[in-house]
Amino acid sequence: MKTYEKRFSTDPHTVETHDVANKTPHQTEVEYAALLESIRDLGQLQPVIMYRGKLCDGRHRLKAAKELGILIEYINLQSTLTMKEVEQMVVKGYENRRHQT
């Protein structure tokens with residue numbers, strides 16, 4: 001994955017979501033409740049991924065950060081990536097996290 005490894009934090013209410021974030025399904029209520037509880041107990045373990053200033057992966061973590069009133073941690077993809085590369089990265093990341101194809 002072509003990312004800048006430095007993590008940043010920002011107010012989740014200022015983050016815009018990129019259309020590519022919708023390439024993956026929404027979590028069920030049960031899955032989201034478990035994520036929310038995990039972030040409340042352990043903090044955000046996995047940063048969301050931003051591309052050209054917009055969130056392209058991690059919309060459920062973003063929602064949780066808003067609900068919990070915490071800053072969202074993120075890393076940036078290289079802005080030289082094509083949209084096809086970004087889409088492939090988002091879908092692959094989803095499959096790896098949820099063990100789906």
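Author: L35 is found in helix 1, which covers residues 29-42; helices (H or I, at least four residues) and strands (E, at least two) are DSSP runs, numbered from the N terminus. This is a predicted model, in which local features need pLDDT of at least 70 and side-chain atom pairs count only at pLDDT 80 or more, while totals for chains, interfaces and linings use all residues. Residues are numbered from 1 along each chain as its sequence is written, and side-chain values use heavy atoms, with hydrogens and water left out.

As for confidence, the mean pLDDT of the chain is 89, and 88% of its residues reach 70 or more, where pLDDT is the predictor's confidence in each residue, from 0 to 100.

Leaving aside neighbours within four places in sequence, L35 is in contact with Q27, H60 and R61, contact meaning heavy atoms within 4.5 Å. L35 and H60 stand 25 residues apart in sequence, and their C-alpha atoms are 8.1 Å apart in space.

R59 has its place in helix 2, and, not counting residues up to four places away in sequence, R59 touches A21, N22, T24, P25 and H26. With H26 there is also a polar contact between the two side chains, at 3.5 Å; a polar contact is a pair of N or O atoms within 3.5 Å, where, within protein, one must be able to donate a hydrogen and the other to accept it, and residues adjacent in sequence count only if both atoms are side-chain atoms.

What about the charge of R59? Side chains of opposite charge can pair when their charged atoms come close. R59, however, is buried yet has no salt bridge, and the nearest side chain of opposite charge, D57, is 6.8 Å away. Here Lys and Arg count as positive and Asp and Glu as negative, while His and the chain ends are not counted; a salt bridge is a side-chain nitrogen of Lys or Arg within 4 Å of a carboxyl oxygen of Asp or Glu; and buried means under 20% relative accessible area, exposed over 50%, and partly exposed in between, with a 1.4 Å probe and protein chains only. D57 instead forms a salt bridge with R61, their closest N and O atoms being 3.5 Å apart, and both D57 and R61 are buried.

A search of the whole structure finds three salt bridges. One of them joins the side chains of E73 and R7 at 3.0 Å, N to O; since E73 lies in strand 5 and R7 in strand 1, the pair ties together parts that are 66 residues apart in sequence. E73 counts as partly exposed at 26% relative accessibility, and R7 counts as partly exposed at 42%. Another salt bridge joins the side chains of K54 and E16 at 4.0 Å, N to O, and this pair links distant parts of the chain, with K54 in strand 4 (residues 54-57) and E16 in strand 2 (residues 16-17), 38 residues apart. K54 is partly exposed, with a relative accessible area of 33%.
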